[in-house]
Every structure is written in structure tokens, then in C-alpha cells.
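Please look over the sequence and the model before reading on.

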Amino acid sequence: MNFKKYMSFRAIAITFFSCLCFNVSVTAQTRSAQDLYQRSLAATCANCHGTDGKGQENASMPKIDQLTSEQLLTQLKAFKSGARTGTIMPQLAKGYTDEQMQTIADYLGKKQ
Amino acid sequence: MDRRYFLGTLGALAAYPSIGNATNLNKAEIVVVGGGYGGATAAKYLRLFSNNTAKVTLIEPNAQFISCPLSNLVVGGSRSIGDLTSSYANLKTRHGVKVIKDYVASIDRDKKTLKLSSGTTVKFDKLILSPGVSMMTDKIEGLASANQMGATIQAWKAGTDTVALHQQLAAMTDGGVFAISIPLAPYRCPPGPYERACQVASYFKKYKPKSKILVLDANQDIVSKAALFKKAWAEEYPGMIEYRPQFNVTEVDGKTKTIKFEVQEDIKADVLNILPPMRAGDIAVNAGIANANGRWAEVNFLNFESTSAKDIHVLGDSIQIAPLMPKSGHMANSHAKVAAAAIVAELNGWDINPAPVLTNTCYSFIDSQQVVHVASVHQYNAAEKTFKTVAGSGGLSKEPSILEGVYAWGWAKNIWADTLG
């Protein structure tokens with residue numbers, strides 16, 4: 001079971017179990033657990049592109065937080081397929097699953 | 001129904017107090033030892049991932065962060081140490097990390113306390129050790145005394161020694177010999193010695209063109225970016241750099257500046273840069289955490305917790321590496337994020353991410369502007385409980401380029417900000 005499916009299953013299970021038995025909230029827990037996963041995966045981009053994709057001025061790296069999720073995903077897929085050339089990114093993109101790329105694009109993409 | 005929408009809907013319906021161990025996250029004393037690429041990143045990301053609720057203390061003896069990556073440019077004289085220096089101020093003011101400038105003298109694993117050099121005792125519930133490497137000076141006879149008299153300098157931790165090594169090169173007569181010896185891998189920064197040879201050659205080419213460089217390598221071949229370095233040496237510095245593999249240093253005489261080997265004849269040089277074998281930082285070894293041959297700390301790669309001590313996590317160069325995992329600053333930063341997320345999850349009562357990902361990018365300057373890189377992606381393999389590189393991913397530069405030199409500085413600015421800013 002991959003992590004997203006696992007988290008969904010776990011979230012649903014905890015939600016129903018908690019609501020029925022403990023009369024407590026799962027809001028923060030389920031949201032934050034998923035956020036934590038998304039954010040920690042997206043943080044693998046931060047070494048080169050800055051925390052949360054907010055790169056430094058004059059750092060020469062694309063500021064990926066300025067792209068929409070769709071634009072970001074399109075670029076990641078293009079690097080992975082070889083449609084877009086480059087130095088590091090074609091090599092790194094091939095190390096991520098499509099699902100991981102989607103998660104990263106969802107998290108880092110500029111919110112409309 | 002979209003999964004996130006579904007979860008969000010469930011969340012909106014709930015209006016109850018929190019469950020689980022969220023209070024553990026707020027109450028736990030999390031202490032990070034070592035403010036390098038691993039430790040500083042861990043401190044910052046523990047705060048970020050906990051929405052600034054975790055109590056995080058960073059203990060670091062140095063007043064400022066000095067980057068080891070790029071420090072060979074200081075050895076070669078094209079950059080100053082100030083170009084590589086950053087403040088810890090943002091960790092305090094922007095992220096709420098308590099920063100203590102001190103040195104950890106000892107760890108009491110049972111009492112969960114640290115004794116600092118100042119005499120202060122610090123309690124921890126979770127401890128992250130990121131102490132880098134220590135030089136095994138005693139493995140080379142005479143090295144300690146040669147260091148003492150200034151006849152040899154390692155400069156493998158950026159700072160005053162880095163500047164001192166450049167000054168020795170500057171003081172050397174044109175026509176002299178610079179010798180760098182490389183221990184058997186693993187050691188900190190696999191391409192670092194070869195990049196250093198490039199930087200010294202770049203300096204010699206400009207200022208002392210009759211001088212020579214000996215690269216005395218205990219390994220069978222160049223450990224990283226071999227073809228790229230060999231090509232650069234041949235084309236950029238013809239006749240200046242001599243590479244000798246399987247030269248294992250056993251002794252050094254600081255008075256006569258002589259290097260002795262297991263097999264080969266003695267060699268004399270004017271500037272000696274003898275790198276001995278390395279191991280985990282002293283504090284990890286002294287605390288009994290270095291349980292892999294007494295040199296490196298074995299960890300659970302899901303959360304970087306020591307396999308020999310609960311609630312003590314180890315990051316960066318000190319760990320027993322997974323296959324093809326380099327001991328690099330970028331990798332230490334990556335370790336830190338996985339560990340920080342796992343600790344926040346654990347203290348919240350959540351399952352930790354069973355599929356973490358690490359990346360590595362390493363740039364090497366072959367002169368003051370042209371650069372080559374190596375990059376890799378490491379996905380956790382649950383069956384083998386380790387990180388493995390993804391087949392078909394990663395790789396090397398095709399050739400040195402100024403463009404990658406620009407990217408290298410961009411990488412530096414962003415990773416320094418990601419670590420400290």
C-alpha cells in the first residue's frame with residue numbers, strides 16, 4: 001500500500017473510531033498528518049529551490065512557488081520524460097514517482 | 001470523491017479537542033547537537049513541521065555557520081571564508097529555536113541529560129546528534145605532532161584551517177610540491193579531495209606555474225566523478241597534477257615533511273594536506289552511539305533514530321551510510337527533514353512516513369568558475385530497511401561548465417537559507 005492510500009485508510013479509520021468512541025476531534029490530526037507528509041516530500045526540493053519553493057534573490061534557481069500546481073507538474077513530468085532538458089533536474093525527476101510529483105506540485109504550486 | 005476534499009469535509013464536521021499525543025509535542029524537550037547542515041536544518045524543520053509548537057534547542061560551539069561545501073575555493077584563493085559564513089540569528093528570531101553557544105562534553109543516556117563544557121546540564125526527551133566527523137589522527141603515526149607544529153593541516157572542517165592552508169600555499173616557493181592524501185572511503189565529502197587538487201592547481205597555474213600537485217589516494221581509483229576529474233586535470237592542468245592510487249599513508253614526519261606509505265617509497269612535499277581516516281564526531285563515539293565498527297552510528301532510516309539508543313537520532317556524516325549515500329552537506333540537510341518529520345509525527349501520535357525520500361546534489365569546481373555535478377535520489381526500501389537509489393535516476397555532468405558554476409552558487413544561497421534562514 002502506498003503512503004497516500006495508507007494515510008487515507010488510516011485517516012478514515014481513525015476518524016470513525018474516534019468520533020464513535022472518544023468524542024474527540026480528528027481535524028488537526030488527519031489534516032496535519034497529511035500536511036506533514038506533503039510538506040516533508042516537498043522539502044526534498046527545498047535544498048536547491050528554497051524552503052517551500054521560495055528561493056533567494058539572485059540565486060539563479062527557478063522560483064517554483066511562482067508556478068501553479070499544473071505548471072509545476074507539467075515541468076516535472078517533462079524533465080522525467082526527457083521532453084525538457086537540463087543539468088540536474090532531468091536526473092532528479094526520474095527518481096520520483098508520478099504520485100510523488102503530484103503531491104509536490106499540489107503542495108508547492110502557487111495558490112490561485 | 002476527491003480524497004482531500006473528503007478528509008477536509010470530515011475535519012470541518014469535527015469540533016472536538018485534540019487527541020493523541022499532541023501535548024507530547026508541545027512539552028517534549030528536543031535538543032539538537034551540532035549546527036551544521038544536518039543539525040541546523042533539523043532545528044528549523046522541527047519548528048516548521050510542528051507549526052512552531054515544538055520546543056527546540058540547538059547547541060553549537062561556533063558563533064557562525066561556515067559552509068564546508070565551496071570551502072575549497074578558499075583554499076584556492078578565489079573566495080574568502082566570509083563568502084561562506086552565515087549567522088544563526090534567523091533560527092532564533094524567525095523560527096524560535098533556542099541557540100546555545102557551547103560544546104557538549106558528555107551525554108547521560110539513562111538520565112537523558114547533556115553536560116556542557118560550561119558546566120550546564122541540559123535535559124532532553126528527544127536528542128538529535130549531528131556532530132559531523134572526527135579525524136582519526138592516531139591512525140597515522142606522527143600526524144598529531146605534525147599538526148601540532150603546523151607542518152600538516154587537514155582543513156576538512158571549514159574555518160581558520162581553510163585559510164591557513166591557503167596561506168601555506170601562498171608562502172610556498174614556485175616550483176614546490178603540494179601533496180594531498182586521501183583515506184579509504186567512506187569519508188566526508190567524497191569528491192572533496194579531488195576538487196581541492198583542482199583548486200590548488202588553479203591557483204598554481206596563475207601564480208606558481210612551476211609547482212606540482214601529488215594526489216596520494218588510498219583508494220583504488222578516484223572515489224567520485226572520476227572521469228570528469230581526470231579529464232579536467234589533463235586538459236586544464238596538463239603536467240601539474242599527478243594521481244597515485246593505492247597510496248595508503250602510514251606515517252608522516254612533520255620536521256622533514258616526509259610521508260611514508262604501506263608499500264611505496266617515501267615522498268617529500270612542501271605543503272602537506274594529510275587526511276586521515278574519519279569517524280563519527282567525538283560526542284557520538286564517546287556516548288557509545290557509533291556502533292558500526294566503532295566508527296559510524298547505525299540508524300533506523302525511517303526516523304534516523306540510533307539502533308543502540310532510543311530517543312537519540314543521528315544525522316549527517318556521522319551515520320553508517322546506506323548504499324551509494326554520500327557523506328555530504330546536501331545529504332545531511334535531507335536526513336534532517338526526514339528525522340524532523342518523523343519526530344513530529346511520533347510526538348503527535350501519528351505513524352511516521354513509511355516511504356521517505358532523500359536527494360543529493362554535489363557541485364565541484366574544477367577552476368574558479370567551471371563546475372561539474374553528481375546528483376541522486378534515494379527512496380526508502382521497506383523490504384531491505386534502507387535507502388536505495390532509483391534505477392535510471394541521478395547522474396553526472398557531461399562536462400564542466402560555467403553555467404553549472406552559476407547553479408552551484410544558486411544552490412549554495414538556497415541551501416544556506418533552507419538550513420538557517
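Which residues are exposed on the other side of helix 7 of chain B? The section on that helix gives the answer.

## Basis of the report

This is a predicted model, in which local features need pLDDT of at least 70 and side-chain atom pairs count only at pLDDT 80 or more, while totals for chains, interfaces and linings use all residues. Residues are numbered from 1 along each chain as its sequence is written, and chains are lettered from A and ligands numbered from 1 in the order in which they are written.

## The two chains in outline

Chain A has 6 helices and 0 strands; helices (H or I, at least four residues) and strands (E, at least two) are DSSP runs, numbered from the N terminus. Of the 112 residues in chain A, 43% are buried. A residue is called buried if 20 or more other C-beta atoms lie within 10 Å of its own, exposed if 12 or fewer, and partly exposed in between, with C-beta atoms placed from the backbone.

Chain B comes to 12 helices and 25 strands. The radius of gyration of chain B is 23 Å, close to the 22 Å that the globule rule gives for 421 residues, so chain B is as compact as a globular protein of that length. This radius is taken over C-alpha atoms, and the rule is 2.2 Å times the number of residues to the power 0.38. The C-alpha trace of chain B spans about 75 × 50 × 40 Å along its principal axes, and 51% of the 421 residues count as buried.

## Helix 7 of chain B

Helix 7 of chain B covers residues 160-171. Its 12 residues reach 16 Å from the first C-alpha to the last, close to the 16 Å expected at 1.5 Å a residue; the expected span is 1.5 Å times one less than the number of residues. The buried residues of this helix are B:Thr162, B:Leu165, B:His166, B:Gln168 and B:Leu169. They lie on the same side of helix 7 of chain B because they cover an arc of only 155 degrees around the axis, where the arc is that of the directions from the helix axis to the C-beta atoms.

On the other side of helix 7 of chain B, the exposed residues are B:Thr160, B:Ala170 and B:Ala171. The buried residues of the helix pack against helix 4 (72-75), strand 11 (177-182), helix 8 (192-207) and strand 17 (271-274) of chain B.

## Sheet and hairpins of chain B

Strands 14-15-16 of chain B, in that order, form an open sheet of 3 strands with antiparallel pairing; two strands pair if DSSP finds at least two bridges between them. Strand 14 (249-253) and strand 16 (267-268) of chain B stand at the edges, each with a single partner strand, so one side of each has no neighbour in the sheet. Strand 14 of chain B pairs with strand 15 (residues 258-261) of chain B over 4 bridges, and B:Glu251 stands opposite B:Lys260.

Strand 6 (residues 104-108) and strand 7 (residues 113-116) of chain B run antiparallel, joined by 4 bridges. These strands form a hairpin with 4 residues between them, and B:Lys112 in the turn has a positive phi of about 55 degrees. Strand 7 of chain B also forms a hairpin with strand 8 of chain B, where B:Gly119 in the turn has a positive phi of about 100 degrees.

Key
Contact = placed C-beta atoms within 7 Å.
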